[in-house]
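Biologist: I have a structure open and would like to talk through it. Can we start with the pockets?

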Amino acid sequence: MQARMGNPAVVIPEAMQALHALGTLPAKSGLSPILLELVNLRASQINGCSVCIDGHPRIAKKAGESDERLFAVSAWRDTPYFTPAERAALALTEAVTRVSDRTDPVPDDIWDEATRHFDGKSLAALVIAIANINVWNRLNIATRQIAGEWKP
């Protein structure tokens with residue numbers, strides 16, 4: 001396998017700086033690093049980004065996440081491993097990632113459940129985190145970046 005080109009954010013260092021800066025905001029807002037990695041993994045699974053599916057569990061494990069929960073992220077609705085707040089974040093992640101799948105991309109019930117678990121600043125940070133991982137997924141997928149070459 002060979003990538004089509006280097007990751008655009010590497011090719012254009014200003015893009016890397018901007019994306020990195022954006023990526024640091026959710027953790028600075030107080031969101032749990034493990035929650036952010038669950039969000040990153042779930043969006044990446046939906047998008048089929050092999051680089052991120054390979055890398056984000058590594059980051060989550062370094063933060064203390066268990067294999068059991070990481071293996072269950074794709075089936076989070078059907079497992080007992082996630083808190084109500086994590087479930088709300090994962091539901092929001094799926095909705096925001098799949099915006100073209102329905103006429104009401106982020107239904108009120110999903111949004112309202114997220115507001116029960118996250119205050120305004122945390123919810124804003126969560127939406128930014130979801131948007132940011134979707135950018136990374138699209139950069140990696142478009143240029144066919146190779147899983148395993150990024151070792152976080």
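Modeller: The largest pocket holds about 720 Å³ of space. A volume here is the space filled by probe spheres set on grid points, which are joined across faces, edges and corners. A pocket is an open set of points on a 1 Å grid over the protein atoms alone, for a 1.4 Å probe, with protein on both sides within 12 Å along at least five of seven lines; lining residues have an atom within 4 Å of a point.

Biologist: Before going on, what sort of model is this?
Modeller: A predicted model, where local features need pLDDT of at least 70 and side-chain atom pairs count only at pLDDT 80 or more, while totals for chains, interfaces and linings use all residues. Residues are numbered from 1 along each chain as its sequence is written, and side-chain values use heavy atoms, with hydrogens and water left out.

Biologist: Back to the largest pocket: which residues lie nearest its centre?
Modeller: His56, Ile59, Ile133, Trp136 and Trp150, out of 28 lining residues. By class, the lining has 17 nonpolar, nine polar and two charged residues. Ala, Val, Leu, Ile, Met, Phe, Trp, Tyr, Cys and Pro count as nonpolar, Asp, Glu, Lys and Arg as charged, and the others, Gly among them, as polar.

Biologist: Which helix gives the most to that lining?
Modeller: H2, with seven residues. H2 (13–28), H3, H4 (50–62) and H8 (120–142) each supply at least two. Helices are DSSP runs of H or I with at least four residues, strands are E runs of at least two, and both are numbered from the N terminus.

Biologist: And the second largest pocket, what volume does it have?
Modeller: About 150 Å³. Its lining includes Met1, Gln2, Cys49, Asn140 and Arg144. H4 and H8 are the elements that give two or more residues to that lining.

Biologist: Where is Arg144 in the chain?
Modeller: In the segment after H8. Arg144 has a positive phi of about 50 degrees, although it is not a glycine. Most residues other than glycine have a negative phi.

Biologist: Switching to the fold, how many helices and strands are there?
Modeller: Eight helices and zero strands. The C-alpha atoms fill a box of roughly 40 × 30 × 30 Å along the principal axes. The radius of gyration is 15 Å, which agrees with the value near 15 Å for a compact globule of 152 residues. That radius is taken over C-alpha atoms, and the globule rule is 2.2 Å times the number of residues to the power 0.38.

Biologist: At what angle do H3 and H6 pack?
Modeller: About 35 degrees, with the axes of H3 (residues 33–47) and H6 (residues 84–97) 9 Å apart. Axes are lines fitted to C-alpha atoms, for helices over the stretch in contact, and angles run from 0 to 180 degrees between N-to-C directions. Among the residues that meet are Leu35, Leu38 and Ile46 in H3 and Ala89 and Leu90 in H6. Contact means heavy atoms within 4.5 Å.

Biologist: What about H6 and H7, at what angle do they cross?
Modeller: Roughly 140 degrees, and their axes come within 9 Å. The contact includes Ala88 and Leu92 of H6 and Ile110 and Trp111 of H7. By class, that contact has nine nonpolar, one polar and one charged residues.
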